[in-house]
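Subject: Structure handover

Dear colleague,

Here is the structure for your files. Please look it over before you read the notes below.

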Amino acid sequence: MVYLDQRGTGRSTSPSRGDYSMKRMVEDFEQVRKALHVERWLTLGHSFGGILQMGYADLAPDAVDGMIMLNCTLSLDDSFENGWLKKAGKLLGKDEHAFLKNDSLSHVEKSGIAAGRLEEKNLRWKIFYASPESDAEMNRSYGEIPSSNTDFADKSFSFQEYFRDYRPVTAGIKISVLFFCGRHDWAVGPKHYRNVRFPNMILWKSDVGHMPFLENREDMQKAVQAFRERNGFL
């Protein structure tokens, strides 16, 4: 496995010209693949990684042999509307979620307000996890990478191309796909999978929140193994 911190993320530096376009991201992925002398490879993404995987499959289809998608969004707007913000409204209650109906605010702006209010009530963890202990464990892990770069995360929502709804495109992608989703994942939306139409797909629903590798690693591994066996990946 090759673990890649894309530009502006984790251990990677930020681009001097601030180029976080999808085209540039795909060029980065291709440079790594070619440097490793890999003809075709499987991609594995989590959360927003699904958007990057779809962009890669769209712009460099001959490079991708299959995709493993763990709790991935393929439409940020849908995940905001039917995941993040929908759950936030229920958690905050009628007296505090009027801002969700303010059409002058973007989804990103609404999620920022919601995150702050949920944090004040110690409820933000319910968007991502089944327990506050899982939230604490994940927060501790962030400290394992000193000075972790968050530049791309801070700027990605300013690139409109990342708000493309990739779900209609899935019907035309013939490669093998594992689409692993959490029944309690309100970061993506527990019903986000319904409009995902990869023709050669294993749809695996798990009783997890947004972080299966933390909350139910065994079930996640079973899903990956089933995907490997079905498609002959060693």
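Predicted model: local features only at pLDDT ≥ 70, side-chain atom pairs only at ≥ 80, totals over all residues.

Residues are numbered from 1 along each chain as its sequence is written, and side-chain values use heavy atoms, with hydrogens and water left out.

Helix pairs

Helices here are DSSP runs of H or I of at least four residues, strands are runs of E of at least two, and both are numbered from the N terminus. Helix α1 (residues 22-35) packs on helix α2 (residues 49-59) at an angle of about 75 degrees, with the axes 10 Å apart. The two are therefore roughly perpendicular (65 to 115 degrees; under 35 counts as roughly parallel). Axes are lines fitted to C-alpha atoms over the stretch in contact, and angles run from 0 to 180 degrees between N-to-C directions. On the α1 side the contact (heavy atoms within 4.5 Å) includes Met-22, Phe-29 and Arg-33, and on the α2 side Ile-51, Tyr-56 and Leu-59 are among the residues. By class, this contact has eight nonpolar, one polar and three charged residues (Ala, Val, Leu, Ile, Met, Phe, Trp, Tyr, Cys and Pro are nonpolar; Asp, Glu, Lys and Arg are charged; the others, Gly among them, are polar).

Helix α3 (residues 76-92) and helix α4 (residues 107-120) pack at about 30 degrees, with their axes 10 Å apart, which makes α3 roughly parallel to α4. Phe-80, Trp-84 and Leu-91 are among the α3 residues that meet α4, whose own contact residues include Val-108, Ala-114 and Leu-118.

Cavity and pocket

On a 1 Å grid over the protein atoms alone, a cavity is a set of points where a 1.4 Å probe fits but cannot get out; a pocket is an open set with protein on both sides within 12 Å along at least five of seven lines, and lining residues have an atom within 4 Å of a point. Volumes are the space filled by probe spheres set on the points, which are joined across faces, edges and corners.

There is one cavity of 30 Å³ or more, and the largest cavity holds about 40 Å³. Its lining includes Cys-72, Cys-181 and Asp-185. Strand β3 gives the largest share of that lining, three residues.

The second largest pocket has a volume of about 190 Å³. Five charged, four polar and two nonpolar residues line the second largest pocket, among them Asp-78, Arg-167 and Trp-186.

Regards

Notes
Parallel < 35°, antiparallel > 145°, perpendicular 65-115°, else oblique.
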